[in-house]
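Here are a few notes to read with the model open. Tell me if anything looks off on your side.

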Amino acid sequence: MVEKVLFIVFAALAVGSGVGVITRSNIVHALILLIFSFVNVAAIYLLTSAFFIAVVQILVYAGAILVLFTFVVMFLNLRQYQSMEQLHPVQKWVALIMTPLVLAEFVVVALAATWTAVGGPFDRETVAAGGGNVALLGERLFNDALLPFEIASLILLVAMVGAVVLAAKEGREFMETRAWADTDEERIPEFVEEEV
Amino acid sequence: MTEFIILIIKLILIIAVSVGMVPFLIYFERKFAGFFQSRMGPTYAGPWGSLQSFGDMAKLMSKEDLVPAAADGPVFRIAPYILFVPAFVSMTLIPFGPMDVDIFGYNVDLVVSSFDAGVILFLALGSLAVYGPVFGGWASNNNWALLGALRSGAQMVSYEISMGLAVVGVIVMANTLNFVDIVDAQAGGFWNWFFIPQLVGFVIFFVASIAELNRDPFNLAEAEQELVAGYMTEYSGMRWGIFMFGEYVNMVVMSAVISTIFMGGWRAPFEFLDVIPGFIWLVGKMLFFIFLYMWIRWTLPRYRYNQLMDIGWKIFLPLAIANLAVTALIISVV
């Protein structure tokens, strides 16, 4: 009973702030509401005893990804939505067509689904007996799903290296436009590198 | 029902401890600052100036609550409070004593939540603490404040990574993510504490925690000579006071976390000293680390921003990874 009430509260907060994200014209307000929404989703995970997933939800989404969003917003100083609307005049009409389609898809899938509880070997008692959430998840992940796990980490590594390469290229071009790059022997002068 | 009441009492106690320590810490900080710089520190209010913090608080509360006309009102008002949320939640993970203690006939665990993924939760909350300064600085609508906000955000994000990797060494050794079990793994005297085998991780964690707390020598976010007061430029009165309060509460929490992870938590350095209750040991260790923070703050000059980033990314990150690799190798071989 308590859990049901808490679920309704957190779900309402998550959905409410999610609606706020797309209706705010101030982009930073939308960001804050998005963080709040993610934290509420983490709370729902907590209610289902998925502690590890809840923590990772906060760490990855509310922490890491949205900090990057915040940085981008602040560096570009996107204070008003109006200027963005001028940048993308067609987007509004595309959205007008796409959103009903996606909504219809959701409704169709929701109606076609059969709502029964999914059985699995991991109820609360077995998780507690097996040494807790983290231990069980770790065992499963590194015994049964090691190859997919490693492939996923490799893909992430490739993305990271790609980002570094792109950023480094732009950084070098930026340095070349500087006055001190005229000496054309050293692209980056020594005093910049040894400035520690 | 009794469990619920005990939980509420524990929560109130924890908030009272972490908030109640702050006025005294501010007084000590100013006294130590005087001591380190051959000055007197506060002397007028009360004996040896001991009522200084309360005088300051009365002054801050009686000041006008000022919100600049160009500021983003709601965000500007909320931002100072954001720092408290991660601090209080992290504090609930810290064990203050053994499990199943008999207090007035009730079986009480001296920790609010023995959380399965405690260490990761602490790191996750640390990443939420970034939003306080960042949104505060942005909402001020002031160039210095925005620069301070960006600096503090970039600094906290950079040092979080080496901080997280430094803890992983301890996690590998203790074989758990639960703070309660980490303390239990350090039972039996100070030679079992993790700061000896994990000395590299300990140093990285401590220095990174200074950067996380935005304290000198890493307080680039509010560098007075360059940015007036960084993200706090437009804040005044009690709202500014709440920012400062939040930073001190975070210092208390961070010292508790370091004591728990690396210095045996509530455990005594020798077994025969176990007669002294655990929370006294924990608070003693916390005060030691808080003194260390103050000592460093008033002794070292501030780093330059590129130096700060170089230390974080080029020294601490490789060092933390190497530390983790060596630890994992030794654990798997032995």
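1. In chain A, the buried residues of α1(A) pack against α2 (27–47), with packing read from contact, that is, heavy atoms within 4.5 Å. Those buried residues are A11(A), A14(A), S17(A), G20(A) and V21(A); buried is under 20% relative accessible area (1.4 Å probe, protein chains only). Helices are DSSP runs of H or I, at least four residues, numbered from the N terminus.

2. Before going on: this is a predicted model, where local features need pLDDT of at least 70, side-chain atom pairs need 80 or more, and totals for chains, interfaces and linings use all residues. Residues count from 1 along each chain as written, chains are lettered from A and ligands numbered from 1 in written order, and side-chain values use heavy atoms, without hydrogens and water.

3. The length of α1(A) checks out: 22 residues (2–23) at 1.5 Å a residue should span 32 Å, and the end C-alpha atoms are 32 Å apart. The expected span is 1.5 Å times one less than the number of residues.

4. Now the largest nonpolar core: of its 113 residues, F205(B) and F262(B) touch the most other members. Such a core joins buried Ala, Val, Leu, Ile, Met, Phe, Trp, Tyr and Cys through side-chain atoms within 4.5 Å. Its largest share, 15 residues, comes from α11(B).

5. What does F262(B) contact, leaving aside neighbours within four places in sequence? The partners include W193(B), F194(B), F195(B), F202(B) and F205(B), and also Q186(B) and Q198(B).

Key:
Buried < 20%, exposed > 50% of the residue type's maximum accessible area, 1.4 Å probe, protein only. Helix = DSSP H or I, 4+ residues; strand = E, 2+ residues; numbered from the N terminus.
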